[in-house]
Amino acid sequence: MPGAIDPALTVPDTLVLENLFRDIKKEKFTTAVSSTASDGDNAATNDQFTDEEVIDQLTAFNNKNDPRFKPTVFTTWDEKDINPTLNKYIVQPYSRVGQKIVRHPTDVVFLTHLLIHFTTIVPSAILLFRHFSYWHAVPHTIWSVFCAGPFTLMMHNHIHNGGILSKQFSLIDRVFPYILEPLMGHTWDSYYYHHVKHHHVEGNGADDLSSTLRYQRDDVFDFLCYVGRFVFFVWLELPLYFLRKGKPGMALKAGLSEYASYAFFWFMATQVNFKATLFAMFLPFGILRFFMMVGNFGQHALVDEIEPDSDFRSSITLVDVPSNRFCFNDGYHTAHHLNPRRHWRDQPLHFIKSKAQYASGRALVFHNIDYNMMTFKLLTKDYLYLADCLVPIGKEQMSMSREEIAAMLKTKTRRFTEADIEAKFEKARVGSKLRKGSERTFAFTQWGHVEWVLAKLGGLARGVDGVQQHYSGPGGVEKTK
């Protein structure tokens, strides 16, 4: 059950959690057997953190014309944390200028990050290629990887909304990704093609190359297969996915962007400086791709066994510091799947306004945990820890004990067989024959082939808790072990 509120949360996240905790107290008070309420129960009936009050504050927070408007300038500090003199003479003038440069006045933080990257990582990389030393290379890689998470989520906003800077800076907006992406673990444009043109089209469904459905999502071996598939096969699978969908132009663009990046890495390693390329490009690339899949696994590991095609039931919401303070409200993943183009600052407001839909949709909301820890706790099967992090919404969840919540969460990690998928997903039923034909044509590009080979090598299809598991051989034929 929910614990203390982290003081490092953003102001909107604090309001959201206070509102949810108020709902829990109110429900407990309403259903209490005793007619005498304690002081704590009386607090549930006060007027603090009501839906109306929180909606008003969140709306004002994002409205430039409201006196309570607060742009995000830094991720580490809020305005209250900054020295008043420094804030008045340096931060506020910078913020006013920044609001004219960025696309949305709330997003001065994006300009802040661009300035940091171009004044630290870019010159450091240039120096590394000119005068390599391990004393420089190691801290450079550590800093690049440290910045890669927020950079990725800044690019997440960039690719979903066509940029982050205002129109007069559109040239910079188009060019800066091609400079920074190779230094931050990315390949050129691949994030856009995989995430926007593929993942959000499929929504963790049957044809999503990064879908978690076909994995036992609390099993270490299955997790390694999930990560390995992306790391070793995405360069081939993504273009072939677009070909199967009848989008040859998209396939060409996705393939060329990935292969051009590899060619650039090879050129820098063989013709310029191998050691510098290793630390400035190869290591950030490998580390980021691993953790991107760790994160995506955590985002979509808890999938409802009844309605796996529901955005409410196939993704989660996190109210935590790493996801929302440092990564631009990435914790509101359900909200993002409901509307991928919604501005990041609007996610908490949407959540409170749509709280009833989240409750009726049996959505899962957690606090004091990020996606990496979510994945780790699932792989260690620590469901009681996850139960402590769950913030129950709706009467059904609020009535459950800690043990009942843990048991419920465990049911959301069960692997779906191909028969399950065809039964649950309309697109899977419609496209079943097409996919099976594609499997015979494109060996190793569909899960049936990859899973079949991995099962032969390592027993992926082993039983879990004594229950027989199924896997697909080539051609989609069900096998039982």
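A salt bridge is taken here as a side-chain nitrogen of Lys or Arg within 4 Å of a carboxyl oxygen of Asp or Glu. The side chains of D56 and R68 meet this criterion, with an N to O distance of 2.9 Å. The model is predicted: local features need pLDDT of at least 70 and side-chain atom pairs count only at pLDDT 80 or more, while totals for chains, interfaces and linings use all residues. Residues are numbered from 1 along each chain as its sequence is written, and side-chain values use heavy atoms, with hydrogens and water left out.

**Salt bridges**

- The structure holds 21 salt bridges.
- D56 lies in helix α3 and R68 in the loop between α3 and α4, so their pair ties together parts that are 12 residues apart in sequence. Helices are DSSP runs (H or I, at least four residues), numbered from the N terminus.
- D56, at 39% relative accessibility, counts as partly exposed, and R68 counts as partly exposed at 41%. Buried means under 20% relative accessible area, exposed over 50%, and partly exposed in between (1.4 Å probe, protein chains only).
- K377 and D382 form a salt bridge at 3.4 Å, N to O; K377 is buried at 14% relative accessibility, whereas D382 is partly exposed at 26%.
- R414 pairs with D420, their closest N and O atoms being 3.4 Å apart, and R414 is partly exposed at 37% relative accessibility.
- One network, joined by salt bridges that share partners, contains D304, E305, E307, R313 and K412.

**Cavities**

- Five cavities of 30 Å³ or more are found in a search of the whole structure. On a 1 Å grid over the protein atoms alone, a cavity is a set of points where a 1.4 Å probe fits but cannot get out, and lining residues have an atom within 4 Å of a point. Grid points are joined across faces, edges and corners, and a volume is the space filled by probe spheres set on the points.
- The largest cavity has a volume of about 120 Å³. Of its 17 lining residues, H156, F328, H336, W344 and Q347 are the closest to its centre.
- Helix α6 (134-161) and helix α14 (333-338) each give two or more residues to the lining of the largest cavity, and α6 gives the most, with five.
- The second largest cavity has a volume of about 60 Å³. The largest share of its lining, six residues, comes from α9.
- F233 and L209 are among the residues lining the second largest cavity. Their C-alpha atoms are separated by 9.8 Å, although the two residues are 24 apart along the chain.
- F233 is found in helix α9 (residues 220-244) and counts as partly exposed at 26% relative accessibility.

**Second largest pocket**

- About 480 Å³ of space lies in the second largest pocket. Of the 28 residues that line this pocket, F61, K70, P71, T72 and D78 are the closest to its centre. A pocket is an open set of grid points with protein on both sides within 12 Å along at least five of seven lines.
- Helices α1 (11-31), α3 (51-62) and α4 (84-101) each supply at least two residues of this pocket's lining, and the largest share, four residues, comes from α4.
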